[in-house]
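Welcome! Take a moment with the model below, then work through the exercises one at a time.

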Amino acid sequence: MADIYGQKIEAFRKRLGNLVAPYSEADILKGESAADIRKFLLSSILKQVGIDTDILQYTAEDRAEQKQRPIIWQSLERLITEFCKLEPVAELSESNNNFRSDELDNLTFILGLIEELAIRNKWNPENPESAHHKICRTFFYRTAFNNWVSTLEEGLRYSQEQMKGAKLYGALCYQPSFSPEIRQRFSGILKRLFEHPLWVQDVIQNEIAKANQDSVVTGIFKREGLDYIYLTKL
């Protein structure tokens, strides 16, 4: 769908007789269903993520492949849905009020931190019984991931609102590129997330491994005190 979306942009520009003409997503995707618009935008973001980051080398197509790669594909899609704007932008692509390029910059920053803190030097399918590998495996069980990605978004949003002294509306990543101060703050929050004591406890690792419902891990997080307040107490 990302390729089809690119073809739509190319066709739009050809009609204008200008192959570099600015465009708006609202114009390009006019007439598409709301569901297809979300799919086009999600696919476009995913394609660029594959170009700008190494995260896809850790992403599995299905559960069988997840033995070699920690992140299931649907989880990566969920993260992008949680952090990015999946409604068409009306501003032209070159407008200062169009934050798509900033959004990708912000998203790749967060994905880079996840890779650094949760995967690198931990994920080792050649040694699945190692402590580090088990921790990484626990991070990316579907039910665990669904919970911590929502908690993380809530914590990052709350933290930025506290720094700015104002309510933050819309998708977290769809805004001007994070300042150095915000990046430093966010780095501390992600570090705190993945260093929470619950992750290293064998009993909890087993609880999460057996969980089939998100609500089970929600209860574990609540019991162990992993919430957005904990993440932002730096």
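**Exercise 1.** How much accessible surface does the chain have, and what share of it belongs to carbon and sulfur atoms?

*Solution.* The accessible surface is about 12200 Å², calculated by the Shrake-Rupley method with a 1.4 Å probe. Carbon and sulfur atoms account for 49% of it.

Before going on, two notes. This is a predicted model, where local features need pLDDT of at least 70 and side-chain atom pairs count only at pLDDT 80 or more, while totals for chains, interfaces and linings use all residues. Residues are numbered from 1 along each chain as its sequence is written, and side-chain values use heavy atoms, leaving out hydrogens and water.

**Exercise 2.** Find where tryptophan 73 sits, and decide whether it is buried, partly exposed or exposed.

*Solution.* Start with the place: tryptophan 73 lies in helix 4 (residues 73–83), helices being DSSP runs of H or I with at least four residues, numbered from the N terminus. Next, recall the cut-offs: buried is under 20% relative accessible area, exposed is over 50%, and partly exposed is in between (1.4 Å probe, protein chains only). Tryptophan 73 has 23% relative accessibility, so it counts as partly exposed.

**Exercise 3.** Which residues does tryptophan 73 contact, leaving aside neighbours within four places in sequence?

*Solution.* Contact means heavy atoms within 4.5 Å. By that test, the partners of tryptophan 73 are Leu46, Leu56, Thr59, Ala60 and Glu61. Now look at glutamate 61: it is 12 residues from tryptophan 73 in sequence, and their C-alpha atoms are 5.4 Å apart.

Definitions and conventions:
Helix = DSSP H or I, 4+ residues; strand = E, 2+ residues; numbered from the N terminus.
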